[in-house]
Amino acid sequence: MNAQGSGHRPGPGRRLGIDVGAVRVGVALSDPAPMLATPLVTLQRDVEGGGDLGRLVEIVAEHEVVEVVVGMPRTLAGRHGPAAEAAESYGTALAERIAPVPVVYSDERLTTVTASRMLSKRGVRGKKQRAVVDQAAAVEILQAWLDSRGNTTREELS
């Protein structure tokens with residue numbers, strides 16, 4: 001699913017992964033290849049003023065991002081609930097601000113749970129974990145998307 005409506009895939013270049021939450025937005029960035037996602041920043045949601053969207057526009061320009069991947073929080077049954085509608089609205093608003101950079105969506109079921117468990121195993125808990133769990137979830141979203149795109153590309157070349 002693509003907010004821009006185009007199936008065109010940009011070639012090499014950095015991708016931005018976004019985990020949209022009600023309070024915070026986790027952001028991850030890929031390397032230019034793109035093969036590896038790393039945490040970048042956690043932004044506070046600014047529903048009224050759009051400051052978080054403005055900062056994402058700056059990040060896209062600063063890092064010369066060629067594609068943005070927004071996590072789509074479907075239910076475990078694969079349904080499109082209120083959280084998915086909020087993520088889609090956010091992605092659409094971002095797409096309008098960063099066009100022609102495409103915004104695509106990726107299934108993010110359980111990414112925050114996975115990120116929290118990983119951080120706990122590394123001894124990051126409490127306030128420290130809350131500060132970085134959104135970035136870690138964004139990394140999970142982006143890395144899974146990069147991995148699936150890499151597999152698709154390898155299959156197309158075979």
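The model is predicted: local features need pLDDT of at least 70, side-chain atom pairs count only at pLDDT 80 or more, and totals for chains, interfaces and linings use all residues. Residues are numbered from 1 along each chain as its sequence is written, and side-chain values use heavy atoms, leaving out hydrogens and water. Helices (H or I, at least four residues) and strands (E, at least two) are DSSP runs, numbered from the N terminus.

**The sheet**
- Five strands form an open sheet in the order β3-β2-β1-β4-β5, with mixed pairing. Strands pair if DSSP finds at least two bridges between them.
- β3 (37-44) and β5 stand at the edges with a single partner strand each, so one side of each has no neighbour in the sheet.
- β1 and β2 run antiparallel, joined by five bridges. Leu16 has Leu29 in β2 as its bridge partner.

**Helix α2**
- α2 (residues 82-98) has 17 residues.
- Its buried residues (under 20% relative accessible area, 1.4 Å probe, protein chains only) are Ala84, Ala87, Tyr90, Gly91, Leu94, Ala95 and Ile98. They cover an arc of only 140 degrees around the axis, which puts them on the same side of α2. The arc is that of the directions from the helix axis to the C-beta atoms.
- Pro82 and Glu96 are exposed (over 50%) on the face turned away from that buried side.

**Gln135**
- Gln135 lies in helix α4 (residues 126-157). Gln135 is buried, at 14% relative accessible area.
- Beyond neighbours within four places in sequence, its contacts (heavy atoms within 4.5 Å) include Gly26, Pro39 and Thr42.

Definitions and conventions: Expected span 1.5 Å × (residues − 1).
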